[in-house]
Amino acid sequence: MTENYLTLLEESLRRKLQVMDEIQRYNLRQEEIFQSNQADLDKFDEYVAEKGALVDKLSALDSGFEKLYTKVAEELKANRQHYTEQIKTLQTLVAEVTETSVTVQAQEARNKKLVEDYFKKERDGIRMNRKTSKAAIDYYKNMNKSSVVMPVFMDDKK
């Protein structure tokens, strides 16, 4: 019975790695969006939604893994030598999951910086457009208020 649980734990970790790989691919796509000159925000939103679904899936896998591990933890501690190979496999998979998790977090941090930089640049552009528009409007108003004064005195001598 415990061997079945260990097999399920292994499958759970492998599925978790697959989901994390998909998240990494979405992170790369998001990075490409903001590295291009024309950011496609609709595509970015689509990727965020897809990643959200994957994160939910990841949470469910974590929860299931923890529940399953709780069921077999005592048996594993009591008969550790009997399950040595499976435990080594699980340890290897947990290390891979941890390494992949660190990679995903690094990608997320880079993407966050790219998004922040993009929106800062956009805000600065909007601010500059406002200043330019205000200057043009002020100039137009000033020019309409001033009237050209024709010279009153003319020299008739030639």
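This is a predicted model: local features need pLDDT of at least 70, side-chain atom pairs count only at pLDDT 80 or more; totals for chains, interfaces and linings use all residues.
Local features are reported at pLDDT of at least 70 and side-chain atom pairs only at pLDDT 80 or more, whereas totals for chains, interfaces and linings use all residues. Residues are numbered from 1 along each chain as its sequence is written, and side-chain values use heavy atoms, with hydrogens and water left out.

**View 1. Salt bridge between glutamate 10 and arginine 14 in helix H1.** A salt bridge is defined as a side-chain nitrogen of Lys or Arg within 4 Å of a carboxyl oxygen of Asp or Glu; a search of the whole structure finds 6. Here the closest N and O atoms are 2.9 Å apart. The two residues are separated by about one helical turn because they stand 4 residues apart in H1 (residues 2-35). Helices are DSSP runs (H or I, at least four residues) numbered from the N terminus. Side chains of opposite charge can pair when their charged atoms come close. Glutamate 10 is partly exposed, with a relative accessible area of 22%, and arginine 14 is likewise partly exposed at 42%. Buried denotes under 20% relative accessible area, exposed over 50%, and partly exposed the range in between (1.4 Å probe, protein chains only).

**View 2. Salt bridge between lysine 43 and glutamate 46 in helix H2.** The closest N and O atoms of this pair lie 3.9 Å apart. Both residues belong to H2 (residues 41-78), at a separation of 3 residues, about one turn of the helix. Lysine 43 is partly exposed at 33%, as is glutamate 46 at 41%.

**View 3. Salt bridge between lysine 113 and aspartate 117 in helix H3.** A distance of 3.0 Å separates the closest N and O atoms. The residues are 4 apart in H3 (residues 84-145), about one helical turn. Relative accessibility is 47% for lysine 113 and 37% for aspartate 117.

**View 4. Start, span and kink of helix H2.** At the start of H2, a side-chain oxygen of aspartate 40 reaches to within 3.3 Å of the backbone nitrogen of aspartate 42.

Definitions and conventions
The expected span of a helix is 1.5 Å times one less than its number of residues. The bend at a residue is the angle between axes fitted to the seven residues ending there and the seven starting there. A polar contact is a pair of N or O atoms within 3.5 Å; within protein, one must be able to donate a hydrogen and the other to accept it, and residues adjacent in sequence count only if both atoms are side-chain atoms.
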